[in-house]
Amino acid sequence: MMPRGRKYRSLSAAVRLRLALESLGPIFVKFGQVLSTRPDLIPPDYAYELARLQDRVPPFDSDVAIKVIESELGKPLEAIYARFNPQPVASASIAQVHEAYLFNADGGVGQKVAVKVLRPNIAPVIDQDLALMAMGARWVEWLFADGKRLKPREVVAEFKNYLHDELDLMREAANASLLGRQFSNSSMLIIPAVYYDFCARQVLTIEWMNGIPVTSLGRLREKNIDLRQLARYGVEIFFTQVFDNGFFHADMHPGNIMVADDGRYIALDFGIVGTLTDYDKRYLAINFLAFFNRDYHRVAVAHVESGWVPADTRVEELEAAVRAVCEPIFNKPLAEISFGMVLMRLFETSRRFNVEVQPQLVLLQKTLLNIEGLGRQLDPELDLWATAKPFLTRWMHNQIGLKALWKAIRQEAPDWAQMLPVLPRKLNAWVDERQHLQWRDAYVHLLRTQRQQNFWLAVIALVMLAVFLFK
């Protein structure tokens, strides 16, 4: 019989790391998932492999879940839900989900809901594992020559922030509400409604969603779902979230996505989201469009203009580095090119020029890899570039053209309306102040000149007196 360790020798180091994290337990699995979002710190093959980690653990006792619900909502379970299924329908390292029904207006059985309950006493377990990870990070810095550059302690600290955000289910409720408003009339995406009267830090109650797992291609075909259209929807949803809203679901792995009978996506689990400023969006659009056109000089200039590379960086040198990485990629047909991998290569190249990639952009890159992988699974011929380019071109036109100018004027109009009536008075006060400063400076100069004149007159008088006395 082959020794237990020998069967892993043929696997790559990245695969072995993934398997090791899975064996260590759920918190380490989540750490690997978060680490996969930092390809600026770890090699691309490791980032890709860690993104495959799945967060599945046995459920905890339903009696404990009921006690958490009653404690958080301040009522007995019978007064909260008309029906409650004690058998969980899903379980992960942080929480598990139960099926339930709310009361209707007549006191009968009403809306079907999903109740997410945080694992009891999960915080001490997390803190213990985090302490172990922090110790490991210090060993990495001490033992490996490249350890400090990888910033292992910063990575653990960032993971700690992720986990603490997920431990507050009210934050997740707020994220779901915002996405729901942004896609309230969407023909592509459904976001479940949130029932805030039945939410607390450790309990989340949202609308129950019936759908088909997005990876069940056979069932989707049985429902006559257009898989090609579904793949394009995924790309359009992603770019709508990123460029139109600047707020995106950042945990879009297949376990969090279903498909409704009408062909729309259903999104679940809103614990991790990303936000982008207008500056971030403009930077991304410029770089993406430059890549579409193989304009590597524009990519380099965008990096310099953003201030993400040192001011003394030579544009030509950065352009050559970007071309060397990306040109081999573009020798493939566009339908075979990974959009997410291009962005990953860009970050990898940026690291050589001492660029500290912004966390929100790395989170976006990880989400893009998920969306792209899902889209290609639904439609192997998906040309993500052809789907994205018109969107980006239209967005840039709206940001730079006359329409963008008019939009900016309308947005600033309320501030201008408050500012314009008092502007003459402020200008007059400013002029008076400048005149006062000028008069004051002139007066000080005059006094200084007068004192100098008096000094020299006194000196001359003393000289003349000395001449007269000693004559």
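By a nonpolar core I mean a set of buried Ala, Val, Leu, Ile, Met, Phe, Trp, Tyr and Cys residues joined through side-chain atoms within 4.5 Å, and I keep in mind that this is a predicted model.

Entry on the cores. I looked up the largest nonpolar core, which has 94 residues, and noted that L220, F239, F243, Y265 and L378 touch the most other members. Helix α11 (residues 227-245) gives this core its largest share, ten residues. Apart from it I found another core of 17 residues, including A65 and F84.

Entry on charged pairs. I noted nine salt bridges in the structure. In one of them E99 pairs with K112, with the closest N and O atoms 2.9 Å apart; E99 lies in strand β3 and K112 in strand β4, 13 residues apart. I count E99 as buried because its relative accessibility is 18%, and buried means under 20%.

I then turned to K116 and E172, whose side chains meet in a salt bridge at 3.0 Å, N to O, and which are both buried. This pair links strand β4 with helix α9, across 56 residues.

For R228 and D379 I wrote down a closest N to O distance of 3.8 Å in their salt bridge; R228 sits in helix α11, D379 in the loop between α16 and α17, 151 residues apart. D379 is buried, at a relative accessible area of 7%. Salt bridges with shared partners also join K116, E172 and D269 into one network.

Entry on the surface. I found a nonpolar patch formed by L132, M135, W139, W142 and L143, with about 590 Å² of accessible area together. W142, placed in helix α6, is exposed, with a relative accessible area of 65%.

How values were computed
Residues numbered from 1 in each chain as written. Predicted model: local features only at pLDDT ≥ 70, side-chain atom pairs only at ≥ 80, totals over all residues. Heavy atoms only, no water. Patch = residues over 30% accessible without salt bridge, like charges linked within 9 Å, V, L, I, M, F, W, Y side chains within 5 Å. Areas by Shrake-Rupley, 256 points an atom, 1.4 Å probe, with all protein chains shown as cover. Salt bridge = Lys/Arg side-chain N within 4 Å of Asp/Glu carboxyl O. Helix = DSSP H or I, 4+ residues; strand = E, 2+ residues; numbered from the N terminus. Buried < 20%, exposed > 50% of the residue type's maximum accessible area, 1.4 Å probe, protein only.
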